[in-house]
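Got a model open and want a quick tour of what sits where? Let's walk through it together.

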Amino acid sequence: MTREDIISLLGDSWEQIRILMSETLHTDVELLRQVNENIIDHSGKLLRPLVSLLTAKALGSVNGDSIKLSVAAEILHNATLIHDDVADESRERRGLPTLMSTLGPSSAVLVGDFWLAKAVELIYDTECYNGVSRFFSKTLTDLAEGEMLQLEKSMSGNTSEEDYFKIIFCKTASLFRASCLAGAVSVGADEKSMKAAEDYGTALGIAFQIKDDILDYAGDEQLGKPVGVDLKERKITLPLLGAMKHSSRESEMREMVRNIASNEQYCTEVHNFVMANGGIEYASDVLDQYIRKAVSALEIYPDSKEKKALEEIARYNAYRRV
């Protein structure tokens, strides 16, 4: 099942996502309007609204709240990316200069705040607001805590596997979880279906981030996935944690990561260490576990093309290259 096949299942709902996103972010401030349009034009795969709408359709009928909450999830996601780029001092994202690099950190934060406020407005403007406000609020807390924990660990270099999973839950999986829960709530799903949506979204988000972290070591730059970005930002992720697990060079590797900003050759040394000590294989095994968790969470869903699409999206993490 291709992405086009999956999107075709959603019919007009998918086009409504793009329309509502543009309407929600409309502004009379010319500079902000131009910035917003540029972000929308380069907003990636829209994976969070995709899984949110598929969840809604797998468990009921997509409605106005389903559309609004799906858009809110995507707007919130982009707001966090803008803020993350400032926190990480990132100069490039998706092959393009970041707002941080073109407008400066202060202006980028303001744009991120605008997007965040618009996401909250959409959530408030739903009939099921009382059912979704709690977990969206928790997601905002998780996103902030995850970013701060990652910053703390990048300075100390003592990231443990437990730290790693807390960071990727907070920064990535929490919003996938909220997106799927929002889809379920919007159609009045029962408690068992809600729990399944929560478990699927959490496992999918963790699998998605593990795959991204694998690609940071084993990606293909010709396909648009830059390699070594995490290391340059002093992030210790699962491939390196796996490679260090049974190595006598753990302290040496951590020291290299801590000092990588002033010693660029350490990037190559750490990369080679990961590749030679089973780091990719270790992370890939854990990735497979979370893919299986995501798929098994959907077992209670009624059989449908939407359920199959959600399964395919989870399995796609095993072989995607970007």
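Predicted model: local features only at pLDDT ≥ 70, side-chain atom pairs only at ≥ 80, totals over all residues.

Residues are numbered from 1 along each chain as its sequence is written, and side-chain values use heavy atoms, with hydrogens and water left out.

Q: How many disulfides does the structure hold?
A: A disulfide here is a pair of cysteine sulfur atoms within 2.5 Å. Take cysteine 170: its sulfur is 17 Å from the closest cysteine sulfur, in cysteine 180, so that pair is too far apart for a bond. The count for the structure is 0.

Q: Is cysteine 170 buried or exposed?
A: Buried means under 20% relative accessible area, exposed means over 50%, and partly exposed is in between (1.4 Å probe, protein chains only). Cysteine 170 has a relative accessible area of 4%, so it counts as buried.

Q: Which residues does glutamine 150 contact, leaving aside its neighbours within four places in sequence?
A: Glutamine 150 sits in helix 8 (residues 129-156); helices are DSSP runs of H or I with at least four residues, strands are E runs of at least two, and both are numbered from the N terminus. Its relative accessible area is 13%, so glutamine 150 is buried. With contact meaning heavy atoms within 4.5 Å, the partners are Asp88, Ile167, Lys171 and Lys235.

Q: How far apart are the end C-alpha atoms of helix 7 (residues 105-124)?
A: The expected span is 1.5 Å times one less than the number of residues. Helix 7 has 20 residues, so it should span 28 Å, and the model agrees, with its ends apart by 29 Å.

Q: What covers the buried residues of helix 7?
A: The buried residues of helix 7 include Phe114, Trp115 and Leu122. Their cover includes helix 2 (12-24), helix 3 (30-41), helix 5 (64-88), helix 6 (99-102) and helix 8.

Q: Where is valine 29 found?
A: With a relative accessible area of 49%, valine 29 is partly exposed. Its place is the loop between helix 2 and helix 3.

Q: What is phi of leucine 46 near?
A: Most residues other than glycine have a negative phi. Leucine 46 lies in the loop between helix 3 and helix 4 (47-59), and it is buried, with a relative accessible area of 3%. Its phi is positive, near 55°.
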